[in-house]
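Let's take a tour of a protein structure together.

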Amino acid sequence: MSAILSADDLNDFISPGVACIKPVETLPQKSAQSSENPYEVTTEDKVQPENAPPAQISLTDCLACSGCVTSAEAVLISLQSHTEVLNALDTYPEEDLSHHTDEGTSLENGTHNGGKKIFVASVSPQVRSGLAATYGISEREASFMIDQFLRGPQGLRAGGKHGSGFTWVVDTNAIREAVLVLSADEVAESLNTSELGAGDSPKRPILSSACPGWICYAEKTHPFILPHLSRLKSPQALTGTFLKTVLSKAYGVSPSQIWHLAIMPCFDKKLEASRAELTDASWRGFDDPMQHIPVRDVDCVITTRELLSLASSRGIVLSKLPLKAPPSNFTPSFPEKTLNSFLFSGNFQSRQTLASGTSGGYLYYVLLSFQSRHPNSEIVIQRGRNADVVEYQVVSPTGEVLLKAARYYGFRNIQNLVRKLKPARISRLPGGRNGPAASGASRRLPAARAGGSSTGSANDYAYVEVMACPGGCTNGGGQIRIEDAKQITADPSTDTVLDGASGETNKASPHEQRAWLARIDEAYYSAESDTDNPPGKTLPIQDKEAQVRQSLQYWANYLDIPLPKLVYTTYREVESDVGKPKDVGADTARVVELAGKIGGGW
Amino acid sequence: MEQIHKITLLSDLTPPSLERTWLSAPHPTLPLLATCSADKTVRVYSLTNFRLLSTISGGHKRSVRSAAWKPNTKENVLATGSFDATVGIWRNDEQEDEDEGDGQDRDPEEGWAFSVLLDGHDSEVKSVSWSSSGSLLATCSRDKSIWIWEDLEDGDNNFETVAVMQEHGGDVKCVSWHPVEECLASGSYDDTIRLWREDVDDWGQVACLRGHAGTVWCVDWEGEGGGSTTTTTIPAGGNSSQISAWKEKHARSARLVSCSDDRTVRIWRRQPKDHHQQYRPSDVPSIIRPTGLEEHWDEEAVLPTAHDLSIYTVAWSKASGRIASVGADGRIVVYEEQFTTSSDDPLQTTWTVIDSLPGAHGIYEINHVAWAKRADRGKQADEEVLITTADDGSVKVWLV
Amino acid sequence: MQNSNPTILSAADLPTRLRTPVTTSSVSGTGLLSSSLSTLVNTDDVFSFGKYNPDSDIESLDELTEEPIDEQEVFEHPISLGALAVVSLPDILIEPSLPSIPDSPLRTVTVLITPTISHCSLATVIGLGVRVRLEQSLPSRFRVDVRIKEGTHSTADEVNKQLADKERVAAALENGTLMGVIGKMLETCK
């Protein structure tokens with residue numbers, strides 16, 4: 001547990017009405033409000049940051065982890081909000097980097113005083129799509145809108161105590177590219193080793209690890225999944241590592257002087273940012289590790305909706321911002337020319353196609369990469385029992401199936417995947433008989449099947465892309481809703497998102513919601529790669545991969561840190577108390593925690 | 001002061017569990033009854049001689065709260081829901097030979113075999129229910145969710161999760177499928193009743209019935225005319241034109257009965273689709289127009305107050321149309337519907353209490369009541385019995 | 001609602017910046033519950049079948065006093081019932097369960113508890129402990145109803161609903177960890 005969190009922040013007094021942590025839908029609101037209304041959001045002036053009321057969390061259909069909420073997790077989420085962003089910007093003046101050259105001379109040690117920080121932000125593509133659909137603009141224009149807001153002169157910089165803004169706004173797609181290549185490499189490596197997965201390679205089928213909702217669920221409920229998880233960090237996490245490592249090295253400052261904000265389509269990403277495994281402790285070597293307080297790679301995550309709240313709270317109307325990039329010399333270049341180019345040149349093809357889905361396209365890329373090594377092979381797609389279950393095969397020209405993979409989105413489908421992967425129960429037949437053949441007569445005894453490798457089909461997959469939200473990340477819990485969009489369309493200048501006027505009575509029908517999601521998806525799929533890159537210039541995939549690997553190695557060399565230390569992470573099983581010796585102190589603590597949970601715990 | 005009761009005891013089921021019996025489930029076609037107990041067992045009794053046939057044990061680690069027989073299948077399949085958060089599926093391809101009850105030395109677990117344990121719920125499973133086709137199983141839990149499973153019937157005991165619905169604000173106490181359609185009703189600790197249907201690939205809520213002032217413990221559907229019963233259940237005392245008008249109205253809308261901590265039993269009726277047309281201004285873009293996925297339900301009646309404390313189960317007889325309710329006050333109450341003679345509306349009906357039997361299981365709370373076809377020696381054609389289960393474990397069979 | 005005697009309970013591994021002030025008061029050796037229990041059981045004799053005498057119930061509980069909080073107790077058993085809730089004499093009520101049936105032997109024992117912290121999330125566990133203890137000690141014809149005293153808790157209605165839910169309570173009784181802790185809680189109420 002990070003030292004920033006103390007028992008006093010822990011709100012044991014979370015009122016019932018809070019149902020599930022995944023994903024969190026509301027900001028801290030007044031406790032007097034009825035908990036029946038999860039969609040209400042308070043305006044900033046109603047909420048004093050010092051007296052943050054108990055966090056209220058309500059349920060969506062992303063993941064069913066009801067009852068798993070701990071007060072600690074709820075606080076972790078509530079501590080990351082748009083008010084947190086404003087606090088950071090107002091507390092710490094922005095570091096002036098304008099006089100530094102590309103080689104990046106060190107900042108004075110004096111920067112530790114006066115508490116200046118380097119502010120950097122990263123934005124996910126689904127956030128841009130959400131804004132594009134809301135404001136009726138293109139994805140590219142949405143990108144400019146966010147850039148202008150976070151970095152430009154008319155955005156955050158126009159106000160606040162210090163006129164601070166974000167020096168760089170990074171598209172997570174840059175790092176996503178790296179994660180895609182590394183995913184393909186990970187799968188290739190596992191295919192080359194034996195069935196049981198020798199060495200460090202995850203067990204087959206490798207399951208994607210970019211979705212924190214999925215990870216938390218697996219850690220808490222199905223630890224047998226953990227050996228299957230890809231070791232790779234998500235694009236958010238890896239972007240955080242990249243930014244913190246490079247900037248701290250380039251400017252000779254501690255990672256704690258860099259404040260990294262990520263803007264994401266869901267609340268689970270806030271939990272991901274709080275993971276102990278995703279701090280500088282995992283990539284820095286320390287003389288005395290015990291003395292060091294770990295610094296997160298991602299300091300704060302806000303959702304798309306919270307971005308709107310952020311704008312409203314400063315009185316900025318997003319639709320009035322110029323829909324083009326700020327002047328090119330407005331902020332200093334990212335240090336180190338090669339890394340700058342890696343991050344900003346946008347030199348990648350669009351990965352966002354219908355076949356890739358709206359969650360990064362890990363699976364599809366693995367298929368493309370594999371296919372490129374098997375000339376003339378074909379990717380065959382077969383939809384499963386619903387739109388969120390899709391099976392893929394790479395088939396050779398002779399019809400031989402070379403690779404099988406699948407996509408499983410949404411809780412109900414994840415259930416079926418997990419069941420297929422569950423190790424078969426040790427065959428103690430519970431019930432029905434006192435023992436086999438006790439009566440002497442022959443009876444059919446069907447084997448106990450609690451899941452069953454006997455079905456086998458899941459083990460045939462080389463890779464499964466698992467996402468908690470049906471429809472993928474464009475449908476994340478923090479995305480702009482149709483109700484908000486309607487109000488914004490009606491009157492762009494009002495603080496519509498904060499009014500919370502859309503109560504249960506105005507809730508959109510499932511059909512409306514589906515139509516809205518389709519609009520966001522359309523914006524997502526229509527995103528093109530940066531036009532800095534001349535159209536038509538597409539490298540063969542293997543050349544592209546080589547480029548990416550080269551850049552990654554360059555980065556590792558620049559830092560003098562081995563690449564695996566930068567790109568890989570680990571998972572931990574949340575321990576159960578079954579089989580542990582009875583320890584009343586621990587039991588008591590557990591019951592206290594249980595009692596604090598939603599709905600009374602029992 | 002002796003009151004003559006219409007509800008009379010026919011028999012106890014023996015031997016009973018010695019711990020609380022939560023529920024009894026009559027087999028859809030055979031004279032069998034499954035009961036679930038806090039002693040973690042399921043007992044199967046014969047309704048011809050009221051004796052224990054089998055005891056199913058060892059499958060669940062905590063109380064068995066609910067059980068349901070799979071309809072439409074040659075084999076005997078039981079689904080059980082337990083406080084251990086799992087759902088058990090049990091199969092028996094042996095014929096339960098009900099006439100062999102007396103004196104014979106039977107292996108008490110003969111024929112029953114554990115097939116599969118479905119897990120997924122985070123906390124206690126409160127109720128399980130099979131759809132009329134037998135291919136879907138609904139389960140619900142304190143974790144506020146309802147799961148729908150599909151029995152793949154592939155000979156390998158494979159079940160797939162079809163849907164997980166999480167709209168309820170509190171424990172889901174009860175799930176019940178419509179007798180014919182694939183429509184699910186649920187009652188909850190959040191005081192609401194919700195209805196669920198599948199739309200394309202997704203199961204979703206189509207209605208939320210509010211009105212009860214406390215936990216809704218149980219919901220049950222009125223029987224449909226047609227199917228196995230040839231007579232549509234019609235209220236008493238009507239003339240022929242009333243009856244035919246009633247049948248017509250009935251065909252267009254389904255009815256649901258519910259009972260609650262608020263000590264009431266309520267009846268709900270679905271309004272036909274064209275009932276509520278909502279006008280939308282034309283400048284709203286077409287993509288934003290709502291569709292008619294939502295169903296509209298009205299609270300049709302509140303049955304006469306008859307219980308002093310919470311009502312735990314209500315059961316609507318598919319054969320006679322009568323409703324029975326039981327609860328914490330230890331009463332069994334039976335209600336009947338009649339055409340209201342004095343009303344302007346020829347289709348209006350009222351519910352009256354036929355009988356109210358206090359202390360049916362002595363001082364113990366009654367947890368469950370079910371209607372079943374009478375199967376013992378004294379039966380008349382198509383006669384029904386009531387079966388109740390109580391906190392002391394006893395299970396009693398009643399004539400009405 | 002501020003309580004002058006806050007007891008903040010935190011999981012052992014979490015740091016805290018606050019000190020918890022606990023005032024001392026005298027200890028009564030006998031637990032409230034045990035006295036009331038034995039009295040209630042004895043009142044069986046007071047009943048003749050068919051009638052009950054409310055006055056004698058209350059008289060026989062006369063010698064009971066409020067259970068104060070003891071610092072020593074809190075130190076040794078941070079979660080002891082006495083440290084967390086107060087039950088006082090006027091807050092116990094015994095009435096017939098079915099007023100419509102005068103002959104019924106059923107009695108409902110209503111116990112009102114006052115958690116020391118107005119928004120203590122442990123209220124449900126405390127209430128459960130009280131309920132369990134009473135259910136185990138009383139004959140079957142006594143129905144137990146444990147409620148939070150009105151005005152003493154921020155979510156009293158929700159807690160009461162949970163405590164009144166027979167199914168919830170039954171399931172909680174099967175939770176070994178929970179029951180173990182409750183057992184420890186009730187130890188001091190011998």
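## Chain B at a glance

In this predicted model, 60% of the 400 residues of chain B count as buried. As for secondary structure, chain B comes to one helix and 28 strands. Now look at the contacts in chain B with a separation of 6 or more: 57% of them are between residues 24 or more positions apart.

You'll find B:Lys379 in the loop between β26 (366–373) and β27 (384–390) of chain B. Its relative accessible area is 46%, so B:Lys379 is partly exposed.

Most residues other than glycine have a negative phi, and most peptide bonds are trans. Chain B gives us some exceptions to look at.

Start with B:Phe50, which has a positive phi near 60 degrees although it is a residue other than glycine. B:Phe50 sits in the loop between β4 (42–46) and β5 (52–56) of chain B. Is B:Phe50 buried or exposed? With a relative accessible area of 9%, B:Phe50 is buried. B:Asn157 also isn't glycine, and its phi is positive too, near 55 degrees. Look for B:Asn157 in the loop between β12 (146–151) and β13 (159–165) of chain B. It counts as buried, at 9% relative accessibility. Then there's a cis peptide bond between B:Thr14 and B:Pro15, with omega at about -20 degrees. B:Pro15 is in the loop between β1 (8–12) and β2 (21–26) of chain B.

## The nonpolar cores

Time to look inside. In soluble globular proteins, nonpolar side chains tend to be buried together. Which residues touch the most other members of the largest nonpolar core? Among its 96 residues, the answer is A:Trp214 and A:Trp555. Helix α5 (residues 172–192) of chain A supplies the largest share of this core, with nine residues. There's also a second, separate core of 36 residues, and its members include B:Ala254, B:Cys259, B:Ala301 and C:Leu106.

Let's zoom in on A:Trp555. Setting aside neighbours within four places in sequence, A:Trp555 has contacts that include A:Leu238, A:Phe242, A:Leu339 and A:Leu563.

## Helices that meet α17

Two packed helices are described by the angle between their axes and the distance between the axes. The crossing of the two is left-handed. On the α17(A) side, the contact is made by A:Trp555, A:Tyr558 and A:Leu559, while α7(A) brings residues including A:Leu238, A:Thr241 and A:Lys249. Sorted by class, this contact has seven nonpolar, two polar and one charged residues.

Helix α11 (residues 362–372) of chain A meets α17(A) too: their axes come within 9 Å and cross at roughly 115 degrees. Here the contact is made by A:Tyr365, A:Leu368, A:Ser369 and A:Ser372 of α11(A), together with A:Ile541, A:Gln542 and A:Glu545 of α17(A). What classes do these residues fall into? Three are nonpolar, three are polar and one is charged.

## Around α9 in chain A

Why is helix α9 (residues 304–313) of chain A described as largely enclosed by the rest of the structure? Because nine of its ten residues are buried. The buried ones include A:Arg305 and A:Glu306, along with A:Leu307 and A:Leu308. Just after α9(A), A:Gly315 takes a positive phi of about 70 degrees.

A:Ser319 is in the loop between α9 and α10 (337–344) of chain A. With a relative accessible area of 33%, A:Ser319 is partly exposed. A:Ser319 and A:Lys116 are 203 residues apart in sequence, and 31 Å separates them in space, C-alpha to C-alpha.

Look for A:Pro205 in the loop between α5 and β3 (206–207) of chain A.

Notes
Residues are numbered from 1 along each chain as its sequence is written. Chains are lettered from A and ligands numbered from 1 in the order in which they are written. This is a predicted model: local features need pLDDT of at least 70, side-chain atom pairs count only at pLDDT 80 or more; totals for chains, interfaces and linings use all residues. Side-chain values use heavy atoms; hydrogens and water are left out. A nonpolar core is a set of buried Ala, Val, Leu, Ile, Met, Phe, Trp, Tyr and Cys residues joined through side-chain atoms within 4.5 Å. Buried means under 20% relative accessible area, exposed over 50%, partly exposed in between (1.4 Å probe, protein chains only). Helices (H or I, at least four residues) and strands (E, at least two) are DSSP runs, numbered from the N terminus. Contact means heavy atoms within 4.5 Å. A crossing is left-handed if the near helix is turned anticlockwise from the far one by less than a right angle, and right-handed if clockwise. Ala, Val, Leu, Ile, Met, Phe, Trp, Tyr, Cys and Pro count as nonpolar, Asp, Glu, Lys and Arg as charged, and the others, Gly among them, as polar. Axes are lines fitted to C-alpha atoms, for helices over the stretch in contact, and angles run from 0 to 180 degrees between N-to-C directions.
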